[in-house]
Amino acid sequence: MSDLLKVAYRRALQAADPSLVQLWFDAAVIDRYRGDAGFQVIRTNSAGRVRKQGGWYIDCGIAPDEATVHVSWQAISAVLPEDDRAHWAMHAAQPSGVSENFIRMQISPGSCFDDGDVRAW
């Protein structure tokens, strides 16, 4: 397990706050939103975002092999609408890797990270 992920889990457990706990999903979970005019799907090298126009957005880490994505418990439980949660649950996956840059972003929100150019995903 990544040392950075251990830091995130330690913080979550010490504070009894699951917001930093990561959940993994098959990267195909994003396919539902691609090509839908109501959504913007973008990424950098190791992090991505799905944004519903005028509504919610969810950030995710992209595993190095790009087979899985991971998101925080907080994003799934507080941000993602209930009908979308069922879709994400259908794509639950075992971890294939962790985006350490994304974990850094989660641990230090508001900080600046150079993670490559933003592009369509």
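**Exercise 1. Determine which residues of α1 and α4 meet, and how the two helices pack.**

Leu-4, Leu-5, Val-7, Ala-8 and Arg-11 of α1 are in contact with Glu-100, Ile-103, Arg-104 and Ile-107 of α4, where contact means heavy atoms within 4.5 Å. Sorted by class, this contact has six nonpolar, three charged and no polar residues. Here Ala, Val, Leu, Ile, Met, Phe, Trp, Tyr, Cys and Pro count as nonpolar, Asp, Glu, Lys and Arg as charged, and the others, Gly among them, as polar.

The model is predicted: local features need pLDDT of at least 70 and side-chain atom pairs count only at pLDDT 80 or more, while totals for chains, interfaces and linings use all residues. Residues are numbered from 1 along each chain as its sequence is written, and side-chain values use heavy atoms, with hydrogens and water left out.

Next, the geometry. Two packed helices are described by the angle between their axes and the distance between the axes. Helix α1 covers residues 3-14 and helix α4 residues 100-107; their axes are 9 Å apart and form an angle of about 30°. That makes α1 roughly parallel to α4, a label for angles under 35 degrees. Axes are lines fitted to C-alpha atoms, for helices over the stretch in contact, and angles run from 0 to 180 degrees between N-to-C directions. Helices (H or I, at least four residues) and strands (E, at least two) are DSSP runs, numbered from the N terminus.

The crossing of α1 past α4 is left-handed, which is to say that the near helix is turned anticlockwise from the far one by less than a right angle.

**Exercise 2. Describe Arg-43 and its link to Glu-66.**

Arg-43 lies in strand β2, residues 39-43. Arg-43 is buried because its relative accessibility is 8%. Its side chain makes a polar contact of 3.0 Å with that of Glu-66.

Glu-66 sits in the loop between β4 (57-62) and β5, and is partly exposed at 42% relative accessibility.

**Exercise 3. Examine the backbone phi of Glu-66 and Ala-16.**

Most residues other than glycine have a negative phi, and most peptide bonds are trans. Glu-66 has a positive phi, near 60°. Ala-16, not a glycine, also has a positive phi, of about 50°.

Ala-16 is in the loop between α1 and β1 (22-26), and its relative accessibility of 70% makes Ala-16 exposed.

Definitions and conventions. Angles under 35 degrees count as roughly parallel, over 145 as roughly antiparallel, 65 to 115 as roughly perpendicular and the rest as oblique. Buried means under 20% relative accessible area, exposed over 50%, partly exposed in between (1.4 Å probe, protein chains only). A polar contact is a pair of N or O atoms within 3.5 Å; within protein, one must be able to donate a hydrogen and the other to accept it, and residues adjacent in sequence count only if both atoms are side-chain atoms.
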